[in-house]
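My notes follow in the order I checked them.

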Amino acid sequence: MDLLQKIKENARLSAKTIVLPEGTEERTLQATDIILSEKIAKIILIGDPEKIASEAARLHLKNIGEAIIVDPKSHDKMEAYAEILVELRKKKGMTMEQAMVLVQDPLYLATLMIKAGDADGEVAGALNATGDVLRPAFQIVKTMPGISVVSGAFIMLLKDKSFGDDGMMVFADCAVHPNPTASELAEIAVATAKTTKAIAKMEPRVAMLSFSTMGSGKHEMVDKVVEATRIAKEMAPEFQIDGEMQADAAIVAAIGAQKAPGSAVAGRANVLVFPTLEVGNIAYKLVQRLAGAEAVGPILQGMAAPINDLSRGCSVSDIVNLVAITANQAAGL
């Protein structure tokens with residue numbers, strides 16, 4: 001069973017409810033039909049019920065009737081959700097009148113459903129830009145306790161099975177935060193360890209990467225990783241986190257033993273945490289292209305509930321897979 005099959009099977013067992021705010025969008029409807037057919041998750045579709053029914057008929061979809069369909073312009077929880085929004089945003093001057101308008105916005109409505117406990121996670125972005133997806137998420141769902149920064153992880157499936165756990169590794173941050181501070185980098189490391197355990201079902205061995213291994217180089221950029229490693233170990237002593245170390249020391253046993261003797265992570269890391277976004281983004285794309293690896297993600301991490309952003313060029317299978325991943329994240333929380 002490959003990783004995505006495992007993720008889908010775990011999602012079936014968890015039976016989580018995922019809200020899709022772009023409920024009238026063609027690929028979203030096609031993905032919903034597959035998700036419901038395969039019982040990957042329970043689905044809430046936000047959109048005009050008549051348009052959803054019309055599109056489902058045009059596309060010959062047979063399972064859309066199993067989804068909960070919520071009309072953002074007229075539903076019985078509008079006032080309750082508006083009250084939640086006013087309470088959350090009253091310090092910013094939010095009024096009930098303003099909130100009643102915002103609860104008709106599918107992206108705000110989706111996050112309010114999560115906040116109210118009516119949904120476990122959200123997947124959007126087939127129609128909307130990343131900023132528009134994340135803005136209500138930050139305002140309403142916010143980050144998980146002890147975490148102030150959101151980051152993006154990729155599960156890397158390598159052809160060479162000698163690396164990571166049978167060729168599976170997790171890279172972060174490759175998608176969101178350009179230049180984290182030491183404390184933010186520590187949070188990214190801990191969040192990635194949790195993602196690794198919840199989704200990839202691996203015991204994380206986290207390498208904090210740098211151009212130095214255990215003091216071999218001196219620079220303020222190295223100092224940041226050293227401090228991040230210290231903070232991360234304090235934050236999550238249950239995880240194996242070590243650094244700073246160079247990439248070869250992290251993933252090649254002989255080099256790890258030479259450069260970082262006694263480290264439980266060196267030479268056998270399955271999670272690589274990069275010091276900046278540019279390094280992480282370049283690294284995952286190089287590994288993807290030069291080594292022929294499959295990159296699954298980005299998986300947004302650090303939110304108090306899982307909210308994941310699609311590319312606007314996404315395929316139907318991308319949506320299905322991200323819903324399954326989101327369900328696994330919800331189960332892990």
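Is Glu55 buried or exposed? I note at the outset that this is a predicted model. Glu55 has a relative accessibility of 16%, so I count it as buried, the cut-off being under 20%.

**Salt bridges**

I looked next at what Glu55 holds on to. Glu55 makes a salt bridge with Arg58, and their closest N and O atoms are 3.0 Å apart. I find both residues in helix H3, three residues apart, which is about one turn of the helix. Arg58 is partly exposed at 45% relative accessibility.

Glu227 and Arg230 form a salt bridge with closest N and O atoms 2.6 Å apart. These two lie in helix H9, again three residues apart and about one turn of the helix. I have Glu227 as partly exposed at 30% relative accessible area, and Arg230 as partly exposed at 38%.

Lys90 and Glu87 meet through their side chains in a salt bridge of 3.1 Å, N to O. Lys90 is partly exposed at 46%, while Glu87 is exposed at 51%. I also noted a network of salt bridges that links Glu9, Arg12 and Glu38. The count of salt bridges comes to 14.

**The five-stranded sheet**

In what order do the strands of the open sheet run? I read E3-E2-E1-E4-E11, five strands with parallel pairing. Strand E3 (68-70) and strand E11 (307-309) are the edge strands, each pairing on one side only. On average, neighbouring strands of this sheet are turned by 20° against each other, direction ignored.

I then took the pairs in turn. E2 and E3 run parallel and are joined by three bridges; Ile46 has Val70 in E3 as its bridge partner. E1 and E2 are parallel too, with four bridges between them, and Val19 is partnered by Ile44 in E2. Strand E4 (residues 121-124) pairs with E11 in the parallel sense over three bridges, where Ala124 stands opposite Asp309 in E11.

E1, helix H2 (residues 26-37) and E2 make a right-handed β-α-β unit. E2, helix H3 (residues 49-58) and E3 make a right-handed β-α-β unit as well.

How many of the five residues of E2 are buried? I count four, so E2 is largely enclosed by the rest of the structure. Helix H6 (residues 106-115) lies across strand E1 (17-20), strand E2 (42-46), E3, E4 and E11, and runs at about 160° to E4.

**Helix H9**

I tested the length of helix H9 (residues 220-235). At 1.5 Å a residue its 16 residues should span 22 Å, and the end C-alpha atoms are 22 Å apart, which agrees.

Which residues of H9 are buried? I list Val222, Lys224, Val225, Ala228, Thr229, Ile231 and Ala232. The buried residues of H9 pack against helix H8 (182-200), strand E7 (205-209) and strand E8 (240-245).

I followed up Val222, which is in helix H9 and is buried with a relative accessible area of 2%. Apart from neighbours within four places in sequence, Val222 is in contact with Ser210, Phe211, Ser212, Gly217 and Glu244. Ser212 is ten residues from Val222 along the chain, and their C-alpha atoms are separated by 6.7 Å.

Terms used
Residues are numbered from 1 along each chain as its sequence is written. This is a predicted model: local features need pLDDT of at least 70, side-chain atom pairs count only at pLDDT 80 or more; totals for chains, interfaces and linings use all residues. Side-chain values use heavy atoms; hydrogens and water are left out. The expected span of a helix is 1.5 Å times one less than its number of residues. Buried means under 20% relative accessible area, exposed over 50%, partly exposed in between (1.4 Å probe, protein chains only). Contact means heavy atoms within 4.5 Å. Two strands pair if DSSP finds at least two bridges between them. Axes are lines fitted to C-alpha atoms, for helices over the stretch in contact, and angles run from 0 to 180 degrees between N-to-C directions. A crossover is right-handed if, with the strands pointing away from the viewer, the path from the first strand over the helix to the second runs clockwise. A salt bridge is a side-chain nitrogen of Lys or Arg within 4 Å of a carboxyl oxygen of Asp or Glu.
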